[in-house]
Amino acid sequence: MAKKPGRGSASGASPRKKSPSKPPLARRIVRGVLIWGTALALLGAIFLGTAVFFTMRELPGMTSLKSSQNGQMIVVRANDGSELVSLGPSYGKWLSYDQIPKVMKDAIVSTEDRRFRDHIGVDPVALARIFKVRVERGHFREGASTITQQLARNIFLNNARTFGRKGREMILALAMERKFSKDQILELYLNKVYFGGGAYGIDAASRKFFGHPATELSTGEAAIIAGLVKAPSHYSPTADVEASIGRGKVVLGLMAETGAISQAEANSIDLSEIEMAVDAGQNSVRYFTDWALPQLDMLLPETSEPIEVWTTLDPKMQEAATKAVDANAPEGAQGALVSLDRDGGVLAMVGGTDYVTSNYNRATSAVRQPGSAWKLFVYMAALEAGYTPDDKVVDEAVTIDGWSPQNANRKYSGEIDVRTAFAYSKNTIAAKLGSEVGFGTVASMARRFGISTPVSTNPSMVLGTSEVRVIDMTQAFAAVSAGGTSVEPFGIRKVTTTSGEVLYEHKSVQGKMLVPPYVAAGITDLLQTTVATGTGRAAQIGRPVAGKTGTTSSNKDGWFLGFSSGITTGVWMGRDDAKRVAGLSGGHAPARAFHDYMAVAVKGRPVEQFETELKLPEWQLEPDDEYLQGDPDEYYYVDEYGNVVYPDTRGPGANGDEPLYEDGSGVGDPAYGPGPAPAYAPAPAPQGPAAATDDFLNRATGRQPNGPPPVNVTRGQGSPRPMRTPPPPAPAAPGQVPY
């Protein structure tokens with residue numbers, strides 16, 4: 001029996017198969033995401049692997065990383081080798097992994113990265129944890145940087161909080177984990193991470209905060225150092241001891257959690273009993289370092305390696321100087337002090353009463369009127385012109401070009417000697433002497449002795465109206481102490497690398513003769529009398545002292561400068577705004593400060609008597625012996641116009657074309673006029689140095705041969721005192737030249 005055709009079929013045709021249905025949309029999306037995600041992840045892995053590979057190839061080696069530093073470290077040392085101050089980043093001794101105490105390694109790992117030994121440079125567990133916190137609380141509560149990431153950031157990157165920087169940090173960390181072992185990474189980290197107070201590395205931190213090397217760290221000290229990494233400026237013991245102890249307790253708890261120490265041991269450590277290193281006072285010392293260290297630019301070639309600067313500063317003297325200024329400066333006034341050793345080395349320098357509130361260095365930068373201390377140059381010019389300490393002068397009213405100086409007590413003493421006039425700082429005598437030798441000559445004398453500021457040649461300049469620096473005035477008095485030879489202040493004796501290689505060393509230079517020895521002896525006589533019986537009595541210290549006071553009008557400035565036992569010290573006091581300071585005078589507060597300081601400075605030095613015997617040149621000697629007790633080729637004087645004048649040592653018969661002045665003027669022998677000497681002049685004697693000519697001596701001393709003495713002063717009473725004129729030279733012996 002035939003089958004009936006089914007429904008929908010055509011005359012017995014078989015039924016059509018159903019077409020398969022499409023998967024749901026969600027399943028297609030998931031499948032697409034998985035496929036593309038896998039592809040992107042694969043591409044990302046390839047990119048990351050390539051980046052890590054090439055980064056690893058570019059990374060410096062261990063040796064290079066150990067030697068690299070963030071900036072230059074400068075350790076400044078005193079003359080005894082002790083550290084005065086460390087400037088710039090401070091790096092201690094590099095410690096190998098085995099040299100680092102175990103408690104220090106445990107403390108830093110427990111605090112910063114307890115899974116340090118388990119991750120590959122980036123910790124996925126820590127990343128997942130912080131993102132979970134982000135989802136639950138809406139913000140990030142903590143970081144997930146590993147020790148390796150922190151090291152990469154410290155060495156190669158900055159602290160900018162951007163995703164780009166974080167990505168580079170991760171790539172670097174992964175590369176470093178491929179290139180270095182875990183021990184090497186921890187060694188680099190502990191020697192390079194910043195712990196605050198300028199200290200990089202655990203050894204620098206240990207020395208700064210505890211005063212000993214990191215190899216001697218205790219568990220409690222290691223905990224404090226490890227706690228600094230989170231916020232060095234906040235938890236630093238030098239900034240807040242209590243905060244550093246509190247953070248250290250947290251670290252001890254973390255060490256107990258990780259099993260580095262037991263809970264009982266953590267509880268038994270009392271961090272408050274740990275002895276912190278006292279931060280060395282850098283107050284007044286910084287005035288000195290601010291003056292001395294800029295000189296390194298001229299002394300050294302350009303270098304970025306750590307250096308040690310060995311200075312001339314004496315710590316005990318610096319402390320005494322600071323106390324002396326603080327104890328004696330009048331209320332509301334500032335003070336400055338400079339002290340020089342006999343070779344010019346700066347033993348102490350105080351530029352103000354407090355460096356923290358004012359770092360302006362009044363010892364080297366401020367210019368103030370020196371008052372009567374300037375008379376040093378006036379009297380030296382007079383001594384060089386022929387005066388002696390015993391010569392008589394008249395203290396009386398005087399008018400010079402309309403200017404009438406007054407003595408401090410408004411009284412006149414009549415006839416006194418030069419020594420007394422200087423000791424009691426008689427203004428009228430200084431005015432007379434300055435006018436007599438020439439104000440330009442006084443200015444030239446000041447220039448000769450190191451005054452670098454502008455000098456006026458008005459009559460009032462003899463009373464110290466030209467402004468000067470403390471260090472320049474101290475230099476001038478040091479030259480007197482040195483017998484009239486120049487002294488150059490300096491503060492750096494040598495510069496070395498941290499390994500001991502000498503980069504620079506100060507070379508002592510023989511000072512130049514500035515005045516003949518009899519002038520130095522004469523002015524020392526006057527200075528010694530000032531302290532013994534005159535205005536500087538407060539500066540007495542129980543041994544010979546020579547010095548001079550200085551007080552300006554209205555008591556705006558007070559000075560005392562002097563020397564004893566090879567140490568020269570200058571003290572200034574006054575207000576920065578140059579207002580009057582009640583009761584301020586050089587013979588009081590500055591002289592007392594000088595006394596307080598010098599009593600400490602000269603302690604242990606032998607007592608030295610001054611050379612005050614005047615060995616004057618004998619005018620009656622034959623010309624060849626009359627060379628001012630020195631080699632005439634090395635002697636010179638400065639005329640009142642500032643020209644350096646040398647003696648004419650050629651003698652007639654030489655080719656008369658050598659200049660007498662530095663500027664080339666005065667060519668020719670003065671006895672015969674410019675040009676070659678006449679043919680009939682006898683030849684000079686071959687033996688011994690030729691003497692300075694009478695013409696030179698007359699110009700050097702201001703004498704007028706065969707004429708009346710100069711009168712430049714309008715006096716109130718009496719007659720002017722003539723300057724000495726030597727007798728005519730003796731007739732020349734046969735074969736000698738009549739100079």
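Asp577 is partly exposed in this predicted model, with a relative accessibility of 39%. Its salt-bridge partner is Arg575, and the closest N and O atoms of the two lie 2.8 Å apart. Arg575 is partly exposed as well, at 25% relative accessibility. Elsewhere, salt bridges with shared partners tie Asp390, Arg419 and Asp525 into one network. The structure has 20 salt bridges in total, and a few of them are laid out below.

**A link between distant parts of the chain**
- Asp183 and Arg117 form a salt bridge, with 2.9 Å between their closest N and O atoms.
- This pair connects distant parts of the chain, as the two residues are 66 residues apart.
- Asp183 belongs to helix α7, which covers residues 182-192.
- Arg117 sits in the loop between α3 (102-112) and α4 (124-137).
- Asp183 has a relative accessible area of 30%, so it counts as partly exposed, a class that lies between the 20% and 50% cut-offs.
- Arg117 is also partly exposed, with 46% relative accessibility.

**A buried pair**
- Glu177 and Lys182 join their side chains in a salt bridge, with an N to O distance of 3.0 Å.
- Buried or exposed, where do Glu177 and Lys182 fall? Both residues are buried, which means that each has under 20% relative accessible area.

Notes: Residues are numbered from 1 along each chain as its sequence is written. This is a predicted model: local features need pLDDT of at least 70, side-chain atom pairs count only at pLDDT 80 or more; totals for chains, interfaces and linings use all residues. Side-chain values use heavy atoms; hydrogens and water are left out. A salt bridge is a side-chain nitrogen of Lys or Arg within 4 Å of a carboxyl oxygen of Asp or Glu. Helices (H or I, at least four residues) and strands (E, at least two) are DSSP runs, numbered from the N terminus. Buried means under 20% relative accessible area, exposed over 50%, partly exposed in between (1.4 Å probe, protein chains only).
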